[in-house]
Amino acid sequence: MVEQVGVDAADPRFAALPCRPGKVVAVHLSYASRADQRGRRPAQPSYFLKPSSSVAASGGTVERPAGTELLAFEGEVALVIGTDARRVRVEDAWRHVGWVTAANDLGLYDLRAADRGSNLRSKGGDGFTPLGPRLLDARALDPAALRVRTWVDGELRQDDTTAGLLFPLARLVADLSQHLTLERGDVVLTGTPAGSSVLRPGEVVEVEVDAPDAPGAPTTGRLVTTVVEGTHPFDAALGSTPAVDDHQRAEAWGSREAAGLDDAEPGATGLTPELREKLLRVPVAALSGQLRRRGLDGVSIDGVRPLHPATRLVGTARTLRLVPGREDLFARHGGGQNAQKRAFDALGPGEVLVIEARGRADAGTFGDVLALRAHARGAAGIVTDGAVRDHDAVAAVGIPVYAAGAHPAVLGRLHVPWDTDVAVACGGTTVEPGDVLVGDADGVVVIPPALVAEVVDAALAQEEEDAWVAEQVAAGHPVDGLFPMDAAWRARFDAWRRTR
């Protein structure tokens, strides 16, 4: 049985529903295919709420807000409650489901950082819950034999059935009913399978739920939504504004590869193996000298020393900003998957995490567990102008680390983890994401990406010249006229070079 429209004709957003839902409950991870894609399988279902104001009808538009990039679709089976359910048994739960329809649980990954888990801002925007276009009578359906498919501009992106759920639909209803009353008209979004990805303005996304093996193969029809570019930016004076990093990009697109983060070598850095090999051969002092010749004096990260004197560091910068500790801010930003943890989780091969700690060495900025995480991700190193906690254990991990000292206190003593992948001030210099860092026993220098090839080649040439001068001094020649070379010595050096 197919119902064409609902009874709430006063508001077109709810035209496909029996009434305006009192609440919309969504499941975090429920399909095995999606869980495997994310690399984690929950033992129990977990949920979040979406406001009913986010509901939209088929055929409408959804805004990707100005200044954002990661609006993602999630095609889902939506359950519409027909009769109130409170503490119902699993075997009775399906009788409380009145209808089934298609849903698109749209989400804006740019806003996940501030309230990750609750998803209020990232999932609750106007138009972020399209439903419809038709209702299917749940009594005529097998809850284990429903299919959900999603297309973007006509290309099939998701195709799975409820047989692939980690938690059967009736269990979700029964579980929710033991915590709260599911009322007539409430909507339960039952999770999305693998294939969810990012939408761009102008793209059209369609979701269909059907029962291909049921008599008559009932279908909801295609739920159609067109993405448009928003014109109203978020106001930073009012609250958290969009912030993305490569971890969020990979989650939104479905993988690092899909997000275009694994195309460069190594990682997403754009630092070629040839340049990396050259940088590993050049002393930091030589690079510093060449940068000074090009008018760049403020490029050394002062006050940091390697945990191992023989350490060599080469990589491209990712950044973490710590702001001064304040108890109320730490309560809001210090727990859960905070900026510090997100920064370490997002590191890729060949990348160096640079931490702004305002030169405060009287609290740790990370410890052995996060050092292990960076090492496991293939990161090239960590630089902090704060302290390291668990010094010996961090040193034993084997990843290059430069720090201002060691301290047993945790980060929360002085710092609030605030932001990632922004310009930071570390050891008296500014580091932008993508800058190239090189370190040895002398310290760490920051090279603008556009100058790397030029600077490293000039430094290698200078090293060759300095080595020849050193040989002459060792042979007994005075430094006058030799260091720096006058015209006569320069001619002798050029003649030597031509013989090589």
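1. Helices (H or I, at least four residues) and strands (E, at least two) are DSSP runs, numbered from the N terminus. The model is predicted: local features need pLDDT of at least 70, side-chain atom pairs count only at pLDDT 80 or more, and totals for chains, interfaces and linings use all residues. Residues are numbered from 1 along each chain as its sequence is written, and side-chain values use heavy atoms, with hydrogens and water left out.

2. Start with asparagine 119. Asparagine 119 sits in the loop between strand 9 (107-108) and helix 3 (120-123). Is asparagine 119 buried or exposed? Its relative accessibility is 7%, so asparagine 119 counts as buried. Buried means under 20% relative accessible area, exposed means over 50%, and partly exposed lies in between (1.4 Å probe, protein chains only). Leaving aside residues up to four places away in sequence, asparagine 119 touches His28, Phe48 and Gly124. Contact here means heavy atoms within 4.5 Å.

3. Next, arginine 157. Arginine 157 belongs to strand 12 (residues 155-161). Its relative accessible area is 29%, so arginine 157 is partly exposed. Which residues does arginine 157 touch, not counting residues up to four places away in sequence? They are Phe73, Thr150, Trp151, Val152, Ala194, Gly195 and Ser197. Glycine 195 is 38 residues from arginine 157 in sequence, yet their C-alpha atoms are 5.6 Å apart in space.

4. The peptide bond from glycine 132 to proline 133 is cis, with omega near 0 degrees. Proline 133 is in strand 10 (residues 129-137). Arginine 358 has phi near 60 degrees, a positive value in a residue other than glycine. Arginine 358 lies in the loop between strand 20 and helix 10 and, at 30% relative accessibility, is partly exposed. Aspartate 390 also is not a glycine, and its phi is positive, about 60 degrees. Aspartate 390 is placed in the loop between strand 22 (387-388) and helix 11 (391-397). With a relative accessible area of 32%, aspartate 390 is partly exposed.

5. How many aromatic pairs does a search of the whole structure find? The search finds one. Rings of Phe, Tyr and Trp (its six-membered ring) pair if their centres lie within 6.5 Å; planes under 30 degrees apart count as stacked, over 60 as edge-to-face and the rest as tilted. The pair is phenylalanine 344 with phenylalanine 366: ring centres are 5.8 Å apart and planes are at 45 degrees, so the pair is tilted. Phenylalanine 344 is in helix 9 (residues 339-346) and phenylalanine 366 is in the loop between strand 20 (351-356) and helix 10 (368-376), so the pair ties together parts 22 residues apart in sequence. Both phenylalanine 344 and phenylalanine 366 are buried.

6. Helix 9 and helix 10 pack with their axes 8 Å apart, at an angle of about 30 degrees. That makes helix 9 roughly parallel to helix 10. Axes are lines fitted to C-alpha atoms, for helices over the stretch in contact, and angles run from 0 to 180 degrees between N-to-C directions. Angles under 35 degrees count as roughly parallel, over 145 as roughly antiparallel, 65 to 115 as roughly perpendicular and the rest as oblique. Gln340, Phe344 and Asp345 of helix 9 meet Leu370, Ala371, Arg373 and Ala374 of helix 10. By class, this contact has four nonpolar, one polar and two charged residues. Ala, Val, Leu, Ile, Met, Phe, Trp, Tyr, Cys and Pro count as nonpolar; Asp, Glu, Lys and Arg count as charged; the others, Gly among them, count as polar.

7. Now helix 7 (residues 284-293) and helix 12. Their axes come within 9 Å and cross at roughly 115 degrees. The crossing of helix 7 and helix 12 is right-handed. A crossing is left-handed if the near helix is turned anticlockwise from the far one by less than a right angle, and right-handed if clockwise. From helix 7, Ala286, Leu287, Gln290, Leu291 and Arg293 meet Val455, Val456, Ala458, Ala459, Gln462 and Glu463 of helix 12. By class, seven are nonpolar, two polar and two charged.

8. Helix 12 also meets helix 13. The axes of helix 12 (residues 452-474) and helix 13 (residues 487-498) come within 11 Å and cross at roughly 110 degrees. That makes helix 12 roughly perpendicular to helix 13. Their crossing is right-handed. Helix 12 contributes Glu464, Glu465, Trp468 and Gln472 to the contact, and helix 13 contributes Trp489, Arg490, Arg492, Phe493, Trp496 and Arg497. By class, this contact has four nonpolar, one polar and five charged residues.
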